[in-house]
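Biologist: I'd like a close look at the aromatic side chains here. Walk me through how they pair up and what surrounds them, then bring in the charged pairs.

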Amino acid sequence: MTHGIEETIARGMCIGCGTCSAVTQGAVSLQLNRYGMYTASLDSATDEQTRLASRVCPFSDDAPDEDQLGAPTGGGNALPTDPRVGHYGRVFAGRHASQEYLMGSSSGGLTSWLLQQLLDESMVDAVIHVGRDTEDGRLFQYTISTDIESVVAQRKSQYYPTTLRDVLTAASTDKKRYALVGVPCFIKAARLLCLQDPVLHESIRVFVGLVCGHLKSPFFAESLSWQVGIPPSELEAVDFRMKNEARLASDYDFGARRRGSGDFTRKRTKDLVGGNWGHGAFQPEACNFCDDIFAETADVVFGDAWLLKYMKEWRGTNVVITRNNEIDEIFDKGRLAGTIDIEDISLDSAAHSQAGNFRHRRDGLALRLSDDVEAGLSVPQKRIKPARDHVTRKRAAIVRQRRRMSRMSLEVFADARERGQLDLYLRTMRAEIARYRKMDRGQFSWVEVTRVWNNIRSTFRKAGSAGSSDKN
């Protein structure tokens, strides 16, 4: 059975990217669900419009997968491939040379620096990226920046649901040249839309990917803010990643600002319920079915260099994989000018910086697919086959508990928010986290870490030998 956009929506697997709405000129509408996330509705769409929408949905079998899409350019597709990251050219780690610039960035500052260079060298006229201070009452939304000052002002990570619908609709009519920034599923969706829209195909010149662990509901920002003393009704702004020179780069603070106040209230993120990324709080269901970590369909991808060598540098370091020679030249110029500090690293090191992400997106995905198939649920075809025998019982229990925690966090916080009772959420999730920790205790000894990583690498090799056209 084909898993199309109808099944994606029915399973609660829509990520809200909005390309289905853009390609059908709004016939497929977007709505906000109970959890504050965008989801598509086919109620007003014809059968033909539904079929068209399914061809641009990143979780539909009617659309090409990441292997079939490949890199955006012929040169990128001529590069070697690795099942972990897709096509790859240069692989390096680095950061901006300016202390001041780094302090205003979540990581090494190289993403916003590249966007500035694209504008400065007139390779693009504008940047499509996520910005703050939207007019609809939400904390973040996709916006279009036409100058370097705006790009710099909108830096930092924004763990918040957004949609491409409006900005791509605008980009399809104004004849500007764009760089588009997004997480893997959004980049894939935009690439799929470009296959259907020749104007956008010509307009979007550079696809800039962001390594993604998973997306979040607005509840993530609201729950952390509430825990530092600012309830959702009084929240004006958040800073998800405030650096702390006394800790590793991965051990940052969360900050929130009350409406009418000029100061952020901050607290160590890991001390807040839901702040541990491994607990999967407020994760959309779609993220349980994504196997693209390094934005395989983008020209370049940026992530955090979560390797001990770089985590010791509290100011932050990016890991970067390029798939475009013009972008390589920009980085070379920046290094020679002393504006950025970069050093080549191995592909294995880049992949290992996301070891936990691979466990979730590849190892865990196989188990989740198997569970859902056995339950008679529709699942999309992925490049990872459904399986259970690749994980221990203990590991399987952890994967399932993490999925349970994601679902519960959304339901329980929605109730807590409606009742104005934060403790309702905190009590429930603390109990679930305690259960998770009990399962996880002793899970990753060095022997176990090595076993899991070798198993993942073996899976990659098998996937690679199966050929790029095999969806598994």
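**Rings, core and charges**

Modeller: The structure holds 20 aromatic pairs. A pair here means that the ring centres of Phe, Tyr or Trp (its six-membered ring) lie within 6.5 Å, with planes under 30 degrees apart called stacked, over 60 edge-to-face and the rest tilted. Keep in mind that this is a predicted model, in which local features need pLDDT of at least 70 and side-chain atom pairs count only at pLDDT 80 or more, while totals for chains, interfaces and linings use all residues. Numbering starts from 1 along each chain as its sequence is written, and side-chain values use heavy atoms, with hydrogens and water left out.

Start with Tyr35 and Phe219, an edge-to-face pair at 6.4 Å centre to centre and 85° between the planes. (Helices are DSSP runs of H or I with at least four residues, strands are runs of E with at least two, and both are numbered from the N terminus.) Both Tyr35 and Phe219 are buried, meaning under 20% relative accessible area, with exposed over 50% and partly exposed in between (1.4 Å probe, protein chains only).

Next up, Trp113 and Phe331 make a tilted pair, 5.6 Å centre to centre with 40° between the planes. Trp113 comes from helix α7 (residues 110-120) and Phe331 from helix α14 (residues 325-337), so this pair ties together parts that are 218 residues apart in sequence. Trp113 is buried at 4% relative accessible area, and Phe331 is buried at 0%.

Ring pairs also build a cluster out of Phe140, Tyr159, Tyr160, Phe220, Phe240, Phe254 and Trp277.

The largest nonpolar core has 112 residues, and Ile15, Phe59, Leu180, Phe186, Val238 and Tyr425 touch the most other members; a core is a set of buried Ala, Val, Leu, Ile, Met, Phe, Trp, Tyr and Cys residues joined through side-chain atoms within 4.5 Å. Neighbours within four places aside, Phe186 is in contact (heavy atoms within 4.5 Å) with Ile15, Gly16, Cys17, Tyr142, Thr162, Thr163, Leu164 and Leu215. Another core, of 24 residues, lies apart from it and includes Leu115, Val320, Ile330 and Ile340.

As for charges, there are 41 salt bridges, each a side-chain nitrogen of Lys or Arg within 4 Å of a carboxyl oxygen of Asp or Glu. Arg383 and Asp67 meet at 2.9 Å, N to O. Arg383 is in the loop between α16 (355-374) and α17 (393-419) and Asp67 in helix α4 (residues 66-69), so the bridge ties together parts 316 residues apart in sequence. Arg383 is buried at 8%, whereas Asp67 is partly exposed at 30%. Arg417 bridges to Glu222, with the closest N and O atoms 2.5 Å apart, linking helix α17 to helix α12 across 195 residues. Arg417 is partly exposed, at 41%, and Glu222 counts as buried at 12%.
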